[in-house]
Amino acid sequence: MTDKYAQLVNQGLGKNVAKKLGLPQPAVLRRYEPGQPLVTGPVVVLGETAAADKLAAELLSWDLDVRRHAVPREKLGAIILVLDEVAHPRDLEKPVLAAAGSLRDLGPCARVVTVSRPSGETDTPAAAAARQGVDGFLRSLAKELRAGATGNGILLDGGVEAASPSVLAALRFFLSGRSAYVDGQFLTVSSAAGSLPDDVERPLAGKVAVVTGAARGIGAQIARTLHRDGATLVLVDLPAAGDHLAAVANAVKGTALQLDITREDAGQRILEHAVQRHGRLDIMVHNAGITRDKLLANMDHGRWSSVININISAQLRINEALLASEHFGPAPRIVSVASTSGIAGNRGQTNYAASKGGVMGMVRATSSLVAAAGGTINAVAPGFIETEMTERIPFALREVARRANSLQQGGKPADVAETIAFLASDAAGGINGEVLRVCGQNMVGA
Amino acid sequence: MSIDGQSINGPATPGAAASSAPALRRAVVVGGNRIPFARSGAAYAKSSNQDMLTAALDGLIARFGLQDERLGEVAAGAVLKHSRDFNLTREAVLGSALSPETPAYDLQQACATGLETVVGLSNKIKLGQIDSAIAGGVDSASDAPVVVSEGLREVILDLNRAKTLPQRLQILSRLRPKDLAPLAPGTAEPRTGLSMGEHQALTTAQWKISREAQDEVALNSHRNLAAAYDSGFFDDLVTPYRGLTRDGNLRADTSMEKLASLKPVFGRSLGADATMTAGNSTPLTDGASTVLLASDEWADARDLPKLAAVVDAEAAAVDFVHGKDGLLMAPVFAVPRLLARHNLTLADIDYFEIHEAFAATVLSTLAAWEDEEFGRTRLGLDGAYGKIDRARLNVNGSSLAAGHPFAATGGRIVASLAKLLHEKGSVDGRPARGLVSVCAAGGQGVVALLESL
C-alpha cells in the first residue's frame, strides 16, 4: 500500500531527476493530526460583500492571520474567494484576478476555497451564468495548483447565510488537513441547521456510531478516525472477519458486532446492539462493500447479485429500520461510501458501478426522510485509495490510476475517513443529500 | 476512573452484617467467546496455549467493550500444559486488551477444567468477593509438551550439581541411547495404563451400547452444529482465528453410511463387538473458550446482556480403578445429587448438554439413568432415575462435531447453553433450565445447572 514512486521523487536524487525530466512530482500532503494549525500561513479573504466581511471576522475569531488584501511575496496558507453576489459573468474578473496575483505565493498544501451560490432556473440568465462560471473556474484552478494545494467550493443554497454553522464547518474542513485529498469539488450547504462543536478536536464527543465493513481497510480507518474525534463505536463486519474486527474494536475501545448485513434483520440487530449497550444510535456509516469485477458479457448471477445485495440493498433495508426507530437520533447522520466508479463508470465494474450509482440515488431520495427526523444523509465517493484492494490492481494500471488526478497520487483511507467524520458531525447538519468526492480531482468522472 | 491507582471500591457487600453468613447474590453469564476448534496438527499447529487463550479473550473483550477493564478475576487452565506456562492465564491477560491490573489464576481438573472455572468464579461472585470474571480454558494437542526420559532428566540435574570435569564425565557416561528418546504425553490413566477410549470401550460393552446408536449420536452432533452455524447462532459466540471460521472437525455432509464405514479404533480386543470409531469418538483438538460472568449490578451498570444464571454445580468421582464404575461415569452420580438439591428431576430440565467425549459416554450415561437395577443399587432410588427427551439433548451439536480441546470444552458449552436458554426465555412461566455435564479423567465429573434470564 505504499506509493514507492512518490517516496522516490520526494527526496534527494529522485527529486532532482524527476524535476529535470518533468516527471510527475506528487507532493506529500498535509494530513490532519490533532493539535495541528488549521492552515500553514495567512489567509486572504477576497470579495467585497457582506458575506466576505462576516467570514473574515469569523476566521479572525479562529485565531487565524486574516488579510483582506494580499501582501506580495508573503507565503500564504489559503485564499478564500467570496463570490456570493456575482450577478454577471463580468463580476468575476476583479476578485479572480486579485487571487491570480497571489497564486505564486501559496505555500505547500495551501487552500483555495470559493464561496458562491449555485445557479438555478429562477436566476436571471446573467446571474446563472456568473454562478455557473464559478464552477468551471474553480475546477480549472484546482488543476493548476501545485505542491499539494487544493481548490474547493462551498455553495450557499436557498438563501443560506455565509455565517451559518455548516458553511463555517465546511470552510474549516476545506482549510484543514482533513480535506487533504478532496480537490476540485463543490459542497452545497442547503440549510442553516447544525451546531458547531464545543471542542473542534472532538466534534463527535458523546456520539454513538456504527461502521459496517470495519474489520479492515477503509472501514477500520473510519473507526479509528471517528474514535479520535470522540465517538463511541459499534463495529460491524461478517462473522468470518471477526478476528480482524476484534482487533480494530479493541484498538478503538468499541464493541464488535459480527453480522452479515444482508440478513433481513440486520438493521434491527444493529439497533438492538447499539441501544442495549449505549442507549442510542447517532451515526450510521455504510462502508461495507465488495467488488466482483467481470465484463458484462461474462457476468453471472453470483457476481451481480452479491455486489448489489451487499453494496446497496443492505443499506436500503438498514436505513428503513433505522428511520423507523425512535432511538436513531435526535440529529441522526447517515454517511454512505459511494465510488467515482458510480459516477464515471469503470470497465469491468457494471455491477459495482450500478450499486454505487445506486448509493448516490438512495442518498438523494432519502435526504427528505432523514431531514424529517432532524438529520442528514450524505455520501462520499472515493477515487483511487491506497488499500489492500487497489494493491491487487496490476502495476501499470495501478500507476495510471494513481497519477490520473490533480494531486498525482492515490488517497489514503484516512482521507475518506476524515470526510465521513466531517459529514457525520453536528456541524454538518446543513449538508444533506450530497455526494462529496474524495478523489484528488480524478480526471475521470469530472 | 480518576485515580491512577486501583479503586478501593470493591464489590457491594451482599449481606447485612459482616460477622454472619452473607446472603448469596446471583452470578450471571453475560456471554462468551471462543475461537473455532481445530483438529490437532491443522490450523493451529503453530499456536501455543497462550496464543489461543489470548485470542479468545480479545474476542470477548471486543464483543463486550471490556478494553482496559479491571475485572474481578480471570481463571482458565489447560490439561496439556508446558512447565513454562506456570502462569498461563495471567500471561494471557497481560497480552490481552484487559487492564493489566486484572488478577488471574490457573486451574486444572482434566476435561472439567473449563466448567470448574465457571463454577469457582460464579461462587466468588455469589459470595460478593468479586463483581466480574472471565472463566475459560484452552488446550493444544498440537503444541503439547514433550518430556525427556527419566534417565536423561536425572543426568541433566546431576550435571548441574557436579563441580569438577571428572565428575561431569562420570555422570555423562551413565547416558544410554534409549535415554535420548523423548516421551510424548499420554492420555492413559496412570493407575490402569488404559487410554480413555479403552476405558470407555469397557463401559460401552457393559451397557451394551450399539454401534448404530453411537453413530446416530455423532450424526446428530454434526447436523446440529452445522445447522446452528448456518442459522447464525454462533455469530456472537465464535471469533475466527488463523483462517478458521468454523470448527475444523465439523463434517456437515456426514451420513450414517459414512460413519458406518469407519473401522473401530477402541476396544478392538472385543473383536466383532468393537463399536467405537474415529467417527463416534472426539478427535484430538486445539482451541480456547471464554465466558464472561458477572453480578447483576456489574452487568447492569455497563448495559451488558444477561443470558442465564449459574444456579448450582456438583462434582463427583467414581472408583474406576477397581472397576466399580466406568472411568467417565461420574456425572451419572453428580446429576441426581445436584437436581435433588433443587427438588428437580430430569423431566424438569429443558436443555441437556452432555459432553460427547465419546458418543458411547452419552449413551452409557443415559442407559445408567434408565436402568432400574442401577437406580436401586447405585443411586439408592426405588427404580430407574429417569429418561431424558432426546430432542432436548445437545441441540446445537457438541464435542463429536466441534472437537474437544480438553479444558476449552466447558466454556464452549456454558456460553452456548446460556444463549440457548436466553433465547428460550421461560417455560410455563418459569425460567428455562439447562444442565451441563462434563466427564473427566481420573473418574471425575462436574455438572452444573443454569437458568434463563
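Predicted model: local features only at pLDDT ≥ 70, side-chain atom pairs only at ≥ 80, totals over all residues.

Trainee: Into which domains is chain A divided, and how far apart are their C-alpha centres?

Mentor: Chain A has a domain 1, covering 27-189, and a domain 2, covering 208-438. Between the C-alpha centres of domain 1 and domain 2 of chain A, the distance is 29 Å.

Trainee: Which element gives the most to the side of domain 1 of chain A that touches domain 2 of chain A?

Mentor: Start with the contacts: 24 residues of domain 1 of chain A are in contact with 19 residues of domain 2 of chain A. On the domain 1 side, the elements giving two or more residues are helix H5 (125-144), helix H6 (165-175) and strand S6 (186-189) of chain A. The one that gives the most, with four residues, is H6(A).

Trainee: How many residues of that side of domain 1 of chain A are nonpolar, polar and charged?

Mentor: Let's sort the side of domain 1 of chain A that touches domain 2 of chain A by class.

Trainee: Which residues touch the most other members of the largest nonpolar core?

Mentor: As background, nonpolar side chains tend to be buried together in soluble globular proteins. Here the largest nonpolar core has 265 residues, and helix H1 (residues 49-64) of chain B gives the most to this core, with nine residues. Leaving out residues up to four places away in sequence, A:Leu235 touches A:Val211, A:Ala223, A:Leu245 and A:Leu257, among others. The residues that touch the most other members of the core are A:Leu235 and B:Leu293.

Trainee: Which peptide bond is cis, from A:Gly329 to which residue?

Mentor: Look at strand S11 (residues 328-337) of chain A, where the residue in question lies. Omega is near 20 degrees for this cis bond, which runs from A:Gly329 to A:Pro330.

Trainee: Is A:Gln441 buried or exposed?

Mentor: A:Gln441 sits in the segment after strand S13 (435-438) of chain A. Its phi is positive, about 60 degrees, although A:Gln441 is not a glycine. There are 23 C-beta neighbours inside 10 Å, so A:Gln441 counts as buried.

Trainee: And is B:Asp303 buried or exposed?

Mentor: B:Asp303 is in the loop between helix H9 (296-301) and strand S9 (308-317) of chain B. B:Asp303 is not a glycine either, yet has a positive phi of about 55 degrees. Because 12 other C-beta atoms lie within 10 Å, B:Asp303 is exposed.

Trainee: What is the radius of gyration of chain A?

Mentor: Chain A has 15 helices and 13 strands, and its C-alpha trace spans about 60 × 50 × 45 Å along the principal axes. Of its 446 residues, 54% count as buried. A compact globule with 446 residues would have a radius near 22 Å, and chain A agrees, with a radius of gyration of 22 Å.

Trainee: What is the radius of gyration of chain B?

Mentor: Chain B contains 14 helices and 14 strands. The globule rule gives 22 Å for 453 residues and the value for chain B is close to that, so chain B is as compact as a globular protein of that length. Its C-alpha atoms fill a box of roughly 75 × 65 × 45 Å along the principal axes. The radius of gyration of chain B is 23 Å.

Trainee: How many residues of chain B are in contact with chain A?

Mentor: By class, the side of chain B that touches chain A has seven nonpolar, five polar and five charged residues. On the chain A side, 17 residues take part, and the number from chain B is 17.

Methods
Residues numbered from 1 in each chain as written. Chains lettered and ligands numbered in written order. Domains from an automatic or database assignment. Contact = placed C-beta atoms within 7 Å. Nonpolar A, V, L, I, M, F, W, Y, C, P; charged D, E, K, R; others polar. Buried ≥ 20, exposed ≤ 12 C-beta atoms within 10 Å, placed from the backbone. Core = buried A, V, L, I, M, F, W, Y, C linked by C-beta atoms within 7 Å. Rg over C-alpha atoms; globule rule 2.2 N^0.38 Å.
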